[in-house]
Amino acid sequence: MSPPAPRPSRTPDDPRPSRTPDDPRPRRTPPAPPPGRTPPGGTLPGRTPPAPRPRLTPSVLAAVLTAVFAALLHALTPFPAAADAGAAPGGAPADWTARPDGGAGDRDARPYVYLEGTPGTALQDRLAVTNSGRAPLTVRLRGDGRAGAWARFAEDTVTVPPRTRAEVPLALSVPPAATPGDASGELVATGRGAEVRVPVRVRIGGPTLAALTVEDVEIAGGAIRYALVNRGNALLRPRLAVRVEGVFGTLLDRPERPLPLELAPGRRVERTEPWPDAPALDAVTVRLRVAAEGGARDEAEASETYVPVAPAAGGGLLLGGLAALASRAYRKRRTGRGTPRPPEPSEPPEAGAPPGTGASHRGPDPDHRPLAQAGARP
């Protein structure tokens with residue numbers, strides 16, 4: 001057996017004491033690192049090096065924040081109540097519909113009910129109610145408006161099973177005294193807290209008369225107020241043109257444009273035309289011209305005078321002051337005329353003058369001497 005290799009000896013200036021091979025003192029070993037930690041500059045024996053941690057990039061952070069926000073929003077959103085399960089926001093039904101009957105599959109679905117007839121006749125049609133929900137649906141049916149009031153349903157209350165479509169017959173009776181022309185209204189279905197309105201249009205046979213008038217035109221508060229009246233028996237869609245003339249020319253000129261309304265026969269509607277640029281000092285005339293299909297036309301006008309408030313008040317005060325001064329001067333003049341003047345004092349007579357020859361008894365004016373009597377000598 002070969003002897004052990006000699007260990008390097010310490011330098012003389014090494015402060016630590018040297019150890020010999022036969023030194024009885026035990027040798028010290030470095031302490032082992034705690035579990036889960038690696039010694040500096042290496043790994044524990046029998047363990048694999050840990051995987052590198054992923055870095056948190058801005059895109060990953062944005063995705064995480066978006067997911068967290070969506071989860072919070074979903075948790076805070078209240079669930080709909082059981083009583084409103086059949087209605088969508090705004091009152092529109094979510095699982096049932098009502099519309100004019102258009103045949104199987106609604107391939108010929110109509111946007112509204114359109115019927116034609118003469119006064120005194122009964123017109124037939126159907127209203128389709130579809131229940132796409134999972135519970136039975138009960139709806140109440142009625143008519144509204146002029147033509148809607150003429151409608152009568154086979155049943156005013158209808159119950160529709162789930163996943164079922166019901167066709168409800170209706171009869172629309174045109175009154176014998178109905179005026180020929182167009183009439184409108186609505187069919188109303190109400191169920192599960194929602195309401196559906198189906199428009200109705202009825203064309204009544206007979207001579208059609210289109211007549212439209214514009215009335216009660218006035219200017220007030222930076223606006224032009226007026227009323228439109230349908231004097232005929234046809235449904236009208238009026239158009240309006242506005243023109244304002246002042247002392248120095250045209251102040252407003254709006255060309256003819258359609259108004260957003262339908263005027264049924266006999267209906268009166270009050271409207272307002274804005275005019276925010278009214279003058280402060282002027283005399284204006286407003287002219288309104290209305291027209292509609294069928295040759296219906298009319299025109300009306302109104303006048304207004306604009307005077308500033310402050311100058312008008314100042315002018316009134318000035319005129320009032322002048323009138324007061326004139327009245328005072330007139331009264332003073334009248335008072336001076338009614339008072340008699342005192343007699344003027346006479347001058348004393350000159351020395352040696354005969355009595356009665358003073359200033360008040362002077363001889364006659366040479367220019368006013370009496371004429372010589374006939375036959376008298378000078």
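The model I looked at is predicted.

**Entry: whole chain.** I counted three helices and 16 strands in the chain. I noted that 26% of the 378 residues count as buried. I then took the contacts between residues at least 6 apart in sequence, and 63% of them join residues at least 24 apart.

**Entry: a sheet.** I followed an open sheet of three strands, ordered S10-S11-S14, and found the pairing antiparallel. Strand S10 (212-220) and strand S14 (268-274) are its edges, each pairing on one side only. From one strand to the next I noted an average twist of 20 degrees. Strand S11 (residues 223-230) is joined to S14 by seven bridges. Within this part of the model I found Leu228 opposite Val269, the latter in S14.

**Entry: positive phi.** Most residues other than glycine have a negative phi, so I looked up two exceptions. Asp216 lies in strand S10, and its phi is positive, near 55 degrees. Is Asp216 buried or exposed? Asp216 has a relative accessible area of 53%, and because the cut-off for exposed is over 50%, I noted Asp216 as exposed.

Arg163 is not a glycine either, yet has a positive phi of about 55 degrees. I placed Arg163 in the loop between strand S6 (157-160) and strand S7 (164-173). Arg163 is exposed too, at a relative accessible area of 61%.

Technical notes:
Residues are numbered from 1 along each chain as its sequence is written. This is a predicted model: local features need pLDDT of at least 70, side-chain atom pairs count only at pLDDT 80 or more; totals for chains, interfaces and linings use all residues. Side-chain values use heavy atoms; hydrogens and water are left out. Two strands pair if DSSP finds at least two bridges between them. Helices (H or I, at least four residues) and strands (E, at least two) are DSSP runs, numbered from the N terminus. Axes are lines fitted to C-alpha atoms, for helices over the stretch in contact, and angles run from 0 to 180 degrees between N-to-C directions. Buried means under 20% relative accessible area, exposed over 50%, partly exposed in between (1.4 Å probe, protein chains only). Contact means heavy atoms within 4.5 Å.
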